Structure formats: C-alpha cells, structure tokens
Amino acid sequence: MRFNLIWQGVLLSALLALPSTAGFAAKGDLKVQVPRSAPLLQGRTLELRFADFAQGIWVRDPGDCPPPSIDRSAPGSALAIYRGLWEMPDRICQVYGAELGGRDTQRAAINCLLNNGAESIELVTVQPRGTGGLMVQEGERPPVHFRFCEKITPVLKATDE
C-alpha cells in the first residue's frame, strides 16, 4: 500500500512537471502590437495634430474645387486635413505622432482605415509651397503638389452662424 502511494506521488509529480501539450489562446492574444511612435519620430517632442499651414481642403487641380466630398473625389485628387485627421478618397487617418521640423516641414505618423476595411500605418511629410500650395509625400513615394481649395469650418462654429 505504501509502495503504491509513493509511485502515485512520483507519477503525479512527473505529470505536473511535463509541459502542457494543449495550448489555449484568449481573444486578442494574436493581435499585432502597433508601435506608439514610428522609429523616425522616437525621442522627439510629438504633437497629435497637423500644423496650421496644412489645415484645409486641398486639391490637385484647381478646377476640382470645391470637391463634392472628399470620399467621392477621384483617388489622389483631394485631401482634407483638420487638426489630427487626414482624409483622402480611399482612406481616413488619425495622427498618432507628428514632428514640426525646420522650415515649416512636418512629418507625421498616421494610422489609417482604408475603404476596403484594412488598416495601415503610414508616414507622411507635408510642407507649404509658395502661397496656397502644399507638398505631400506619403512614405517613400514621390512628393505630390496640392493647391489650397477651402478652409474647414468647425461644426460648432458653423452652427453658431
């Protein structure tokens, strides 16, 4: 009897020492961790909005001003920037880190929701060009020149008038 108890104890401790073969994952365990800041922006003072010079609705062709709405414009033809939001016909994005560099150049890391439901993290650079122009570079793509179309009026101010 005593012998059986010893073997049962050894067997139980051996079973407890073995790694579990069954794995359980909770919801969200496989979720990708989004970095809080792009590597190029780490260690710098960050803003959560675009600079004042970039605020407004911008178009590639002045004949397209005012656009019917940003989301119904042709891809790449219009851009709306307001505080921490960036909207183009195929995506809407929110700034999660922006740095104002020299000569009014601003680099911003943005988290975007694409029209197809996917998400992307992008790095954009905006820079004023002359009076009423804005150079926009998305990641490593070549810069694109936009022209100022109109100012964005905050909803609360629009209802006060």
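**Salt bridges**

Mentor: Start with Arg 91 and Glu 122, whose side chains meet in a salt bridge at 3.0 Å, N to O. Keep in mind that this is a predicted model.

Trainee: Where do Arg 91 and Glu 122 sit in the chain?
Mentor: Arg 91 is in strand β4, residues 91-100. Glu 122 is in strand β6, residues 119-128. The pair links distant parts of the chain, 31 residues apart.

Trainee: Are Arg 91 and Glu 122 buried or exposed?
Mentor: Arg 91 is buried, and Glu 122 is buried too.

Trainee: Which other residue forms a salt bridge with Arg 91?
Mentor: Glu 138 does, with the closest N and O atoms 2.5 Å apart. Glu 138 lies in strand β7, residues 133-138, and Arg 91 in strand β4, so this pair ties together parts that are 47 residues apart in sequence.

Trainee: What about Arg 141, which residue does its side chain meet in a salt bridge?
Mentor: Glu 138, at 3.5 Å, N to O.

Trainee: Why is Glu 138 called buried, but Arg 141 partly exposed?
Mentor: Glu 138 has a relative accessible area of 15%, and buried means under 20%. Arg 141 has 47%, so it falls between the 20% and 50% cut-offs and counts as partly exposed.

Trainee: Which residues do the shared partners join into one network?
Mentor: Asp 90, Arg 91, Glu 122, Glu 138 and Arg 141.

Trainee: Last one. How many salt bridges does the structure hold?
Mentor: Four.

Notes. Residues numbered from 1 in each chain as written. Predicted model: local features only at pLDDT ≥ 70, side-chain atom pairs only at ≥ 80, totals over all residues. Heavy atoms only, no water. Helix = DSSP H or I, 4+ residues; strand = E, 2+ residues; numbered from the N terminus. Buried < 20%, exposed > 50% of the residue type's maximum accessible area, 1.4 Å probe, protein only.
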